[in-house]
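This report walks through a single protein chain, from its overall make-up to a few selected places. Please keep the sequence and the 3D view open while reading.

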Amino acid sequence: MEPRRELRVGFIGAGRMASAVARAMLLAGSTVLQRPDALSLRDNPGGHGSRWHPKLVGIPAEATKRALRGSCPDRRHPAGQKRLLEFQRHLGSQAKAEPADRFHLANPREDGSPSRSGAPWPKTDYWRSDGEVQAVNILASAPTNRNLDKFQGFACRTTHRNLEVLEKCSFVFLATKPHILPEVLQEINPAVTTNHVLVSMAAGVPLRTLEEMLPEGTRVLRMMPNLPCEVRSGAVLLSRGSSVGEEEVSLLKTLLAPCGLCEEAPESYIDIHTALSGSGVAYVYMFAEALAEGAVKMGMPGPLANKIAAQTLLGAAKMLLETGDHPAVLRSAVCTPGGTTIHALHELEKGSLRATVMNAVEAATSRARELGNR
């Protein structure tokens, strides 16, 4: 049997975007375990102290080399995702309820895993992620315990020392707010070596700035995800720095594949992507809300209208992706002479829908560029 890859992943910053990316990674390739005794602390060596806190991510150099071979397959098990989350929530609640001496790293079992006293694990089937990244292999750091609650269910290893992650890991994600990033870079600068690869998720901070604040020759990339990464339907754009080669880009794409669409592009596109896809989901939510409210105005119950509006957007997007047709072609296919659709489109044109949306993308792009020039 091929050995499982042991990739350690974490983030700087406890925002929802970081957790969305992490959640997608953890749900990649979930598999069911039928035997309740299959779960030992080999799967959770951090025991009760394991917590998710998106901070620094690390991938040991040896594991990085193994992961570069091949690509990440599309191993999706939608039916199991709910059960996985239920089990992960159980781990988080159990960790809060049990005293610190329930898990003992000082007294390992014969198989090398730490011993565990107290009640056994629940006698039920459960789902565990067997994808590129497992929760047990996530090493995260943060200065305080703030915002840790929402990550407890992932049962990941944590530390309050950023430098500890640099010492143990070679692949580091930086997911802090832009104004915090310079302080973090100054802190970790002495620990960065030629073995490290740094990936910034901070909006508006260009590669040039990152490379200037880190040792010469540091391998740096930028990536910009969007919120639907949380449901593995996101859009991620990445750009490489001057010292980054194909291997580093290949590994990053492999890690981000469970998030959804992942493309590499020149850095000049990053701010546009932020406006188009990062902020763009908010435009879509506003349109979905207006679409449903129109139906409510005409007499349809709100919950049903919201559900149908969401499915309408999902179906339209899927047709765009799967047919490859230009939006205008698909729009024309819906219109019939004198029908309902053309009358509705006339009203949207009178309201300057297209011009307004184009202006919104332009405004968001300009703002992203302003943040980068500070």
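## An aromatic pair in the interior

F171 is buried, its relative accessible area being 1%, where buried means under 20% relative accessible area, exposed means over 50%, and partly exposed lies in between (1.4 Å probe, protein chains only). F173 is likewise buried, with a relative accessible area of 0%.

A pair of aromatic rings is described by the distance of the centres and the angle of the planes. Rings of Phe, Tyr and Trp (its six-membered ring) pair if their centres lie within 6.5 Å, and planes under 30 degrees apart count as stacked, over 60 as edge-to-face and the rest as tilted. By this rule there is 1 aromatic pair. The ring centres of F171 and F173 lie 5.7 Å apart with their planes at 50°, so this pair is tilted.

## The model and the whole chain

The model is predicted, so local features need a pLDDT of at least 70 and side-chain atom pairs count only at pLDDT 80 or more, while totals for chains, interfaces and linings use all residues. Residues are numbered from 1 along each chain as its sequence is written, and side-chain values use heavy atoms, with hydrogens and water left out.

The secondary structure of the protein chain comes to 13 helices and 13 strands; helices (H or I, at least four residues) and strands (E, at least two) are DSSP runs, numbered from the N terminus. Of its 374 residues, 45% count as buried. Contact means heavy atoms within 4.5 Å, and among the contacts in the protein chain with a separation of 6 or more, 74% are between residues 24 or more positions apart.

Two packed helices are described by the angle between their axes and the distance between the axes. Here axes are lines fitted to C-alpha atoms, for helices over the stretch in contact, and angles run from 0 to 180 degrees between N-to-C directions. The axes of α8 and α9 come within 4 Å and cross at roughly 20°, which means that α8 is roughly parallel to α9, given that angles under 35 degrees count as roughly parallel, over 145 as roughly antiparallel, 65 to 115 as roughly perpendicular and the rest as oblique. The residues in contact include T274 and L276 of α8, and V281 and Y283 of α9.

The axes of α9 (residues 280-297) and α10 come within 8 Å and cross at roughly 135°, so α9 is oblique to α10. Among the residues that meet are F287 and L291 in α9, and N306 and L313 in α10. Helix α10 has 22 residues (302-323), which at 1.5 Å a residue should span 32 Å, and its end C-alpha atoms are 31 Å apart, which agrees; the expected span is 1.5 Å times one less than the number of residues.

G278 is found in helix α8 (residues 270-278) and is partly exposed, with a relative accessible area of 24%. Although G278 and M224 are 54 residues apart in sequence, their C-alpha atoms are 7.7 Å apart in space.

Most residues other than glycine have a negative phi.
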